[in-house]
Amino acid sequence: DDNIVRVSPYRLASHLLGAFTIYAGILWTGFGVMQRVPPELPTQQLMDVIRLRRMAHPLAALISITAVSGAFVAGMKAGHHYNSFPLMDGQFFPDSYWEMTPWYRNMFENIAAVQFDHRVLAISTVTGVAGMALYARGLSLPANTQAAIRLLLLASTAQVGLGITTLLYAVPVSLGAAHQAGALTVFTVALYTLHTVRLRNPALAWRALAQRVK
């Protein structure tokens, strides 16, 4: 219907990215007020925190990218198409994925490609979180970090389940809104997880660790 005002997916994604950036700054500041950086960690715990940081930072970036890709799904109304899972109209990889030229337009303007990418990103996210949770079980980490990882696994698993349900029911408003709230929840827990493994001065921590293990 040409009488319906529609928002460009690019503008919607930019608006979401801006909102998440502001939210992240406010939340990080709040976390800093509530929970100060510990002055010093035991050697083994410091080593394990540094190891976990190598996984947590890329995973947080993946969570952010997945959320932004969801804005393109919403802006394209891609959730009203291919309402099956895990296949898309009986195919794992849709035939119409590369139908637009130049090729990169498919990532942002092709309904099949936008939805497929969001599926892959979502499954990659929950798989990455599960892998980090499994890896963390063998590490000596602060109690709040261990709790944050468990909460992140719970939130990301619930979000993927909610996303699949929303897709199967062709995005009713209630489920769509809940899925958006779930994205913010996962993003919030991811930020908290990063905050629990922050260091006063990472370079100084590396030097201190090198001296301790000599």
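**View 1. The lining of the largest cavity in this predicted model**. A56, L59, A60, M132, L152, A190, T193 and L194 line the largest cavity. Helices α2 and α6 each give two or more residues to this lining. By class, 7 lining residues are nonpolar, 1 is polar and none is charged. Here Ala, Val, Leu, Ile, Met, Phe, Trp, Tyr, Cys and Pro count as nonpolar, Asp, Glu, Lys and Arg as charged, and the others, Gly among them, as polar. The cavity holds about 40 Å³. A search of the whole structure finds 1 cavity of 30 Å³ or more. A cavity is a set of points, on a 1 Å grid over the protein atoms alone, where a 1.4 Å probe fits but cannot get out; lining residues have an atom within 4 Å of a point. Grid points are joined across faces, edges and corners, and the volume is the space filled by probe spheres set on the points.

**View 2. The largest nonpolar core**. This core has 24 residues. V49, L52, M132, L141, I149 and L152 touch the most other members. Helices α2 (43-76), α4 (111-136), α5 (143-168) and α6 (173-196) each supply at least two residues. The most come from α2, with 8 residues. A nonpolar core is a set of buried Ala, Val, Leu, Ile, Met, Phe, Trp, Tyr and Cys residues joined through side-chain atoms within 4.5 Å.

View 3. Contact means heavy atoms within 4.5 Å. Q45 lies in helix α2. Q45 counts as buried because its relative accessibility is 17%; buried means under 20% relative accessible area, exposed over 50%, partly exposed in between (1.4 Å probe, protein chains only).

**View 4. The whole fold**. The protein has 7 helices and 0 strands. Helices (H or I, at least four residues) and strands (E, at least two) are DSSP runs, numbered from the N terminus. Of its 214 residues, 39% count as buried. Among contacts between residues at least 6 apart in sequence, 78% join residues at least 24 apart.

**Notes.** Residues are numbered from 1 along each chain as its sequence is written, and side-chain values use heavy atoms, with hydrogens and water left out. In this predicted model, local features need pLDDT of at least 70, side-chain atom pairs count only at pLDDT 80 or more, and totals for chains, interfaces and linings use all residues.

Notes: 1 Å grid on protein atoms, 1.4 Å probe; cavity = no way out; pocket = protein on both sides within 12 Å on 5 of 7 lines; lining within 4 Å.
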